[in-house]
Amino acid sequence: DVADHWAEEAICFMFNEGIVSGYSERNFLPNNYITRAEFLKISLLNLSYTVYPVQSASFTDVTEGDWYYAYVTFARSKGFVTGYTDGSFHPNDYITRAEAVSMILQMARIIEYQLDNFESSFSDVSGTNWFSDAVAAAVDLGIVEGYGDGIFRPTNKLTRAEAAVIAERVWEELY
């Protein structure tokens, strides 16, 4: 289901590297949304982290039997994710574009990226948004881009295809 898809090349590259996987041998479902836990796993694998569970770094909604337990607890122990004020992570919620960009830059250790006099080229991203530095850095590094209509759509859910493209661009930037 990725033949002739706009993200076919990135999906196939990341699949061959063992970073992304499909729902079956024949289906990747590129236009489906990706969860916070799935994106976290892809990002950690893409950045070659050796992941292990950290019991002291759990969230209220992440338990030892969950497939994503090691990824989430490891990421929390390293300060890559902080979760929500109620102590939860919402691993099965779909990740937004702003959350994904912030998460991947945190894991790639591109966290000190500050832009003087931030001026967004996107009408829906201002310097006062919590994600503005991450979006600006990711755009500047070529990791993400906006849509043809001049907006970024930070609250849109990220698709599996977009996640594969982000992973490939981070790979190209760092390796």
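**Leu29 and the loop between α1 and α2**

Leu29 is partly exposed, its relative accessible area being 28%. The model discussed here is a predicted one. Within it, Leu29 belongs to the loop that runs between α1 (8-16) and α2 (36-46). The backbone of Leu29 has a phi near 60 degrees, a positive value in a residue other than glycine. Most residues other than glycine have a negative phi.

**His90 and the loop between α3 and α4**

His90 sits in the loop between α3 (69-77) and α4 (97-107). The relative accessibility of His90 is 26%, and the residue therefore counts as partly exposed, since that class lies between the limits of 20% and 50%.

Which residues of α1 are buried? They are Ala10, Ile11 and Met14. These residues cover an arc of only 100 degrees around the axis, and so they lie on the same side of α1. An α-helix has 3.6 residues a turn, so residues three or four places apart point the same way.

On the other side of α1, Glu9 and Asn16 are exposed. The cover over the buried residues of α1 includes α2 and α6 (160-174). Just after α1 comes Gly18, with a positive phi of about 80 degrees.

**Packing of α2 against α4**

Two packed helices are described by the angle between their axes and the distance between the axes. For α2 and α4, the angle is about 30 degrees and the axes are 10 Å apart. Because angles under 35 degrees count as roughly parallel, α2 and α4 are roughly parallel to each other. The crossing in which α2 passes α4 is right-handed.

Which residues of α2 and α4 meet? From α2 come Arg36, Phe39, Leu40, Ser43 and Leu44, and from α4 come Glu99, Ala100, Met103, Ile104 and Met107. By class, the residues of this contact of α2 with α4 are seven nonpolar, one polar and two charged. Among the contact residues, Arg36 and Glu99 are charged, whereas Ser43 is polar.

**Summary of the helix α2**

In this predicted model, α2 is part of what covers the buried residues of α1, and α2 also packs with α4 at an angle of about 30 degrees.

Terms used:
Residues numbered from 1 in each chain as written. Predicted model: local features only at pLDDT ≥ 70, side-chain atom pairs only at ≥ 80, totals over all residues. Heavy atoms only, no water. Helix = DSSP H or I, 4+ residues; strand = E, 2+ residues; numbered from the N terminus. Buried < 20%, exposed > 50% of the residue type's maximum accessible area, 1.4 Å probe, protein only. Axes fitted to C-alpha atoms, helices over the stretch in contact; angles between N-to-C directions. Parallel < 35°, antiparallel > 145°, perpendicular 65-115°, else oblique. Left-handed = near helix turned anticlockwise from the far one by under 90°. Contact = heavy atoms within 4.5 Å. Arc of directions from axis to C-beta.
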